[in-house]
Amino acid sequence: MSRFLNTLLRLFIIAILVAGLIAIWEQIRGSDVMSRFRRGDKTTQSIVLKEVVALGKLELVSYTFKDIIEHEQVNTFLPNANAVLIVEGQATGCIDLTQIKPDDIQAEGDSVVVLLPKPELCSWKINHDRSRVYDTRFSFLDQSQLVSDAYRQAERQIRQSALNGGILDQTRHNANQMLKPLLERISGRKVRLTFQR
């Protein structure tokens, strides 16, 4: 029985030491102590032009989002790691003008009917210059993966928020507001814009 109590006491002391070391590591990592050991950074780059693509997407609306993301990584044995990010992102609605065919422009009396492609969400991204990691906890094994996963989740949320916020309807509305007067001035006729379904 005494041997059992000694073993149990040792395990308890080891558990307390491990928990204390984790807490100390989190405190050191979050402070400026680690930066005192760095002498500077060195970066080498070699940029090669990979591809040139002709673009025809007319950007008509841009939404900017600001969000606080809390991402948790569930672990089996260790405490769950989590990261809190303050994120700014942007989503852009556009129309792909390269999809317009000659048949999509029809004259009807003294007016012109133009069939435009469906509005689309052409880009959504995180603005990393205006985003930052606010806090991380228990991420001593792979902090970069935790933060990367949190940014990926934030980017998916920006896309969904833009769609839920009506960015495609706003793109359609802005196309009417911007393109219609321009086409009427060029053609000298009344213009009616319709959209593919």
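Helices (H or I, at least four residues) and strands (E, at least two) are DSSP runs numbered from the N terminus. The structure is a predicted model, in which local features need pLDDT of at least 70 and side-chain atom pairs count only at pLDDT 80 or more, while totals for chains, interfaces and linings use all residues. Residues are numbered from 1 along each chain as its sequence is written, and side-chain values use heavy atoms, with hydrogens and water left out.

Helix 2 comprises 22 residues, 143-164, and spans 31 Å from its first C-alpha to its last, close to the 32 Å expected at 1.5 Å a residue. The expected span is 1.5 Å times one less than the number of residues. Its buried residues are Leu 146, Val 147, Asp 149, Ala 150, Tyr 151, Ala 154, Ile 158 and Ala 162. Buried denotes under 20% relative accessible area, exposed over 50%, and partly exposed in between, with a 1.4 Å probe and protein chains only. An α-helix has 3.6 residues a turn, so residues three or four places apart point the same way. The buried residues of helix 2 pack against strand 1 (57-73), strand 2 (81-96), strand 5 (120-126), strand 6 (132-137) and helix 3 (167-187).

## Leu 163

Leu 163 belongs to helix 2. This residue counts as partly exposed because its relative accessibility is 30%. With residues up to four places away in sequence not counted, Leu 163 touches Leu 121 and Leu 168, where contact means heavy atoms within 4.5 Å. The C-alpha atoms of Leu 163 and Glu 120 are separated by 9.6 Å, the two residues being 43 residues apart along the chain.

## Strand 2 and its partners

Strand 2 runs antiparallel to strand 1, to which 16 bridges join it; two strands pair if DSSP finds at least two bridges between them. Cys 94 in strand 2 is the bridge partner of Glu 59. Strand 2 also pairs with strand 5 in the antiparallel sense over six bridges, and Ile 126 in strand 5 is the bridge partner of Gly 89. Five bridges join strand 2 to strand 6, again antiparallel; here Arg 137 in strand 6 is the bridge partner of Asn 82.

Thr 92 is found in strand 2 and counts as buried because its relative accessibility is 7%. Leaving aside neighbours within four places in sequence, Thr 92 is in contact with Glu 59, Val 61, Ser 62, Glu 120, Leu 121, Cys 122, Ser 123 and Ile 167.

Three strands form an open sheet of mixed pairing in the order 3-4-7. Strand 3 (105-108) and strand 7 (190-195) are the edge strands, each pairing on one side only. Neighbouring strands of this sheet are turned by 25° against each other on average, direction ignored. Strand 3 pairs with strand 4 (residues 111-116) in the antiparallel sense over four bridges, and Glu 108 stands opposite Ser 111 in strand 4.

Helix 3 lies across strand 4 and strand 7, running at about 145° to strand 7. Axes are lines fitted to C-alpha atoms, for helices over the stretch in contact, and angles run from 0 to 180 degrees between N-to-C directions.
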